[in-house]
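Student: Could we go through this model together, one question at a time?

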Amino acid sequence: MADIALAPRRAKTEIREATAWDQLRHNKNWLGFWFMVPAMAFLMFFLAYPLGLGIWLSFTDTRIGRVGHFIGTENYEWLWDDSIFWLSVFNTLLYTSVASAVKFAVGLYLALLLNERMPFKALLRAAVLIPFIVPTVLSALAFWWIFDSQFSIISWSLKHLGLITQNINFLGDTTWARICVIFANIWRGVPFVAITLLAGLQTVQPSLYEAATLDGASRWQMFRFITYPLLTPIIAVVMTFSVLFTFTDFQLIWAMTRGGPVNATHLMATLSYQRAIIAGQLGEGAAISSAMIPFLLAAIMVSWFGLQRRKWQQGESND
Amino acid sequence: MTDLPAPKVDLKSILSTPARVDNSEGMSYLQSVPRRIVTLYIPLSIIVIILLFPFYWMGLTAIKPDDQLLDLDKYNPFWTWNPTFKHIHKLLFESYYPHWLWNTMYVAIGATVLSIIASVLAAYAIVRLRYKGANVVGGLIFLAYLVPPSILFIPLATVVFQYGLFDSPMALILTYPTILIPFSTWLLMGYFKTIPFELEECALIDGASRWQILMKIVLPLAIPGLISAFIFCFTLCWNEFIYALTFLQSTPNKTVPVAIVNEFVDGDIYRWGSLMAGALCGSLPLVILYAFFVEHYVSAMTGAVKE
């Protein structure tokens, strides 16, 4: 190897200038660009473009099979005076707030329970997650059957316990229908909240609890001053997702009630489907779904601040 | 030159060991048994029973004879002594159900494979190539994760129509990746970050191209992450409803969730048996997949949130 230095000779090929082709193949930025092409193409064509198109459609009078014309904010003005639209906004807010609050409470409680030492822990954890695995529509059908007006197993059980004398009209009565869909949503969402919070709980050092026990802390104090502060960042993220997906829920409602009875369970998403696809008023439906965007932005802001706080708490630099 | 014995390091096992497993008992020995029963076992079993009851009911309804389904007083509704496979038979041999199952599987696998390929490339580029603006792109992809299908389906329906994809499985295979790519990119970014930089540097010095590094070093080490991303995406596809409801029209083309809701719901009061059988058969493939990959599943779910 050492004789190379003693007998210098010309390399067989001269070192050439990097051509544009080499740049395209080896430059870090260009290489990054090529790697990003497939993902970006999908997201541009089927996400960013439709998102913009949706906002544009909401300012037109497009119908199925007919090109629309720009009509300004007429769709929104029409919705402003539409009591069904406001009812759906109210339903969505009610559905989201109640379901998210209960999901959070029950999910956190379930996570704390699953974090204890006990036999068959792994099996229990696996079983808890099943409602999250099974397609929402299929479990919603099971709930539809459970909440049937005549053959409901709940009515039957309550009658045999002597608590009621007549069948409860679960999905036919406005109040009951709301309770039922909210319950089904909670049932479906609790496993997600519980399992992700459990993952957060498992990162809390046991020594902190030992120290707190030595200091004479009660169980509530341990939860309030150790568990809860350490979990806040992950709670922020999980709850953002939970709120976001509850707010834009469609399939559960569609499978159970289709918005009925008398629009009592219509959410903004189901109403926009009904107006846009079934009634054919694409412009109006797009206006309803565009009206969800401000709420989504609010949820995203909360998530962003939640993430910021997490990095600060763990003392990490923003990598 | 003396040959140093190459240290045999099983990289895979090092990389896949959890950071720290704590098996200490903590403070739980301070609790008495009765107290544990009241504060732990009773609430836990109530919650688990509520979470699992709908599946029991679904399964039971699917195998009950019709007369027992509707007569709650003569028979105990919580059990049946003469199960029947009539509903399942009707489902599999007298309806389009096998078609629907096949469609769902086809769409789910197609969309998942496309998304995983796109996500692997994107995640690798964001984490390891670190081109100009990689962080911004990472943030944008996270934002894309937060855009729900319910605000996209109306404009997407017009787009799908323009491209001539209406009522074809391709419409779903091409639109589902918008849901899957953000999620799996984010998940894979987390996995790629855990792979030591030094390995790639060694390969670069040995003359490997970026493509070879990705295929021969990064991907084999990220297999757990790939499995997580794959099964999670598959489940999301199977679960997707609103796009399938909007973009598909003819009965044999539908996916299982849409078809069950639209085709099985008729005026027949005896529909419950076949409806529940359909729901059961539609859930079983996912539950079986889940049973084999519980850990991957959990890491997919928590990984995407933690990152």
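**Helix pair and chain contact**

Tutor: In this predicted model, α14(B) and α15(B) are roughly antiparallel to each other, a term used for angles over 145 degrees. Residues are numbered from 1 along each chain as written, and chains are lettered from A in the order written. Local features need pLDDT of at least 70 and side-chain atom pairs 80 or more, whereas totals for chains, interfaces and linings use all residues.

Student: At what angle do the axes of helix α14 and helix α15 of chain B cross?

Tutor: Helices are DSSP runs of H or I with at least four residues, and axes are lines fitted to C-alpha atoms over the stretch in contact, with angles from 0 to 180 degrees between N-to-C directions. The axes of α14 (residues 256-263) and α15 (residues 271-292) of chain B come within 10 Å, and they cross at roughly 175 degrees.

Student: Is B:L129 buried, exposed or partly exposed?

Tutor: B:L129 belongs to helix α5 (residues 97-129) of chain B. A residue is buried with 20 or more other C-beta atoms within 10 Å of its own, exposed with 12 or fewer, and partly exposed in between. Because B:L129 has 19 other C-beta atoms within 10 Å, B:L129 is partly exposed.

Student: Which helix gives the largest share of the side of chain B that touches chain A?

Tutor: Counting residues as in contact if their C-beta atoms, placed from the backbone, lie within 7 Å, 77 residues of chain B are in contact with 76 residues of chain A. The largest share of chain B's side, 12 residues, comes from helix α2 (residues 33-63) of chain B.

Methods:
Contact = placed C-beta atoms within 7 Å. Helix = DSSP H or I, 4+ residues; strand = E, 2+ residues; numbered from the N terminus. Parallel < 35°, antiparallel > 145°, perpendicular 65-115°, else oblique.
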